[in-house]
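User: Hi! Could you walk me through this protein model?
Analyst: Happy to, let's look at it together.
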Amino acid sequence: MSSDGRLPASPPLFLTDKDVEALSSWTHAIDAIRAAYSKPESAERTPGRIFAQSPREWIRVMPSVPEEGKVFGTKSIVGSFGDELRVSYLISLFDKETADLVALVDGNRVTGLRTAATTAVGTEAMTPARPLIVGVIGSGFEARSHLTALATLRDFAEVRVFSPTPANREAFARDFDALLDAPVTAVASAQAAAEGADLILCAARSRDESPTVQARWIGANATVVSIGSTTPAQRELPADLIARAAVVVADAPEEVVHGSGDLIAARKEGVDVDALVVPLSAVLLHKVPIDLDAGIRIYKSTGSGLQDIVVAEMLYDRARNDGYGYDLPVSIVTTKK
């Protein structure tokens, strides 16, 4: 009960990791992301992530008040080196009208779902609507989730995948060859995956923080997706590739420009990154035209709280409709001030 005597309309819901797995849907997540980014971006509604840390523990908080929807909230990521590195994710959703706690969501799977869904929305706006030759650098969770999400919005002519471990890239190719209506083959180098591709998906963190692709491999009209360098120390794209780009579309422009190692390095080498980077929302709102047939187009992602909250609200709505999750027996106090 709130301190003014009002009972919440319904008890808060807790969604476990298994609930999120059962409720996850690429179509629903993509629809939620597209709707969210079809509004002008606002630093007041979705500020940058907040960090607190010690040598042993750290916490990252990503808040957002989406313009649409009925909830707002935060995703918290906490880590501890007390027992090697252990990380937990928790999303808290609150009612926009009452500030009541609506749901607690295990965010373990949400990050992958929202990141790949946002990439799919951005890539759709940056690639021609024809079967694409795709080069994938990486064979892990991010590569798998992103290729799956992209396949919901674009047709593929062929897919070539490289990762340093032959068994991993062979398994990736075998799995997706059975899933997609296009041949998927494992190749022996990143160059073989990237050269001649219409779309290059970079989803493998460099082991020595050097770029995972080279500019000379990328065709003059290709689209490059970069989701593996989200901190100042991480590198994925070389500065001379960014210098060749016609545009860099960013899901979180301020963090991409100032928090991604790729853009930081490009600026140091004289690239005018401020002139290249445009918000994803500006592209979806047709404020920034994208030539789909000329120039290298780069999509760069660091993630944002907006993505977490709108996807978590989608999961919450589906959970209430389909009977998933656990009603919490008590809630927090909501007071009038």
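User: Which residue does I59 stand opposite in strand 4?
Analyst: I59 stands opposite V78 there. Strands here are DSSP runs of E with at least two residues, numbered from the N terminus. A word on the source: this is a predicted model, where local features need pLDDT of at least 70, side-chain atom pairs count only at pLDDT 80 or more, and totals for chains, interfaces and linings use all residues. Residues are numbered from 1 along each chain as its sequence is written, and side-chain values use heavy atoms, leaving out hydrogens and water.
User: How many bridges are there between strand 3 and strand 4?
Analyst: They pair over 8 bridges, in the antiparallel sense; pairing takes at least two DSSP bridges between two strands. The two form a hairpin with 6 residues between them, and G69 in the turn has a positive phi of about 90°.
User: What about strand 2 and strand 3, how do they pair?
Analyst: Strand 2 (residues 50–53) and strand 3 (residues 57–64) are antiparallel too, over 4 bridges. I50 has V61 as its bridge partner in strand 3, and 3 residues lie between the two strands of this hairpin.
User: New topic: in what order do the strands of the open sheet come?
Analyst: The 8 strands follow the order 9-8-7-10-11-14-12-13, with parallel pairing.
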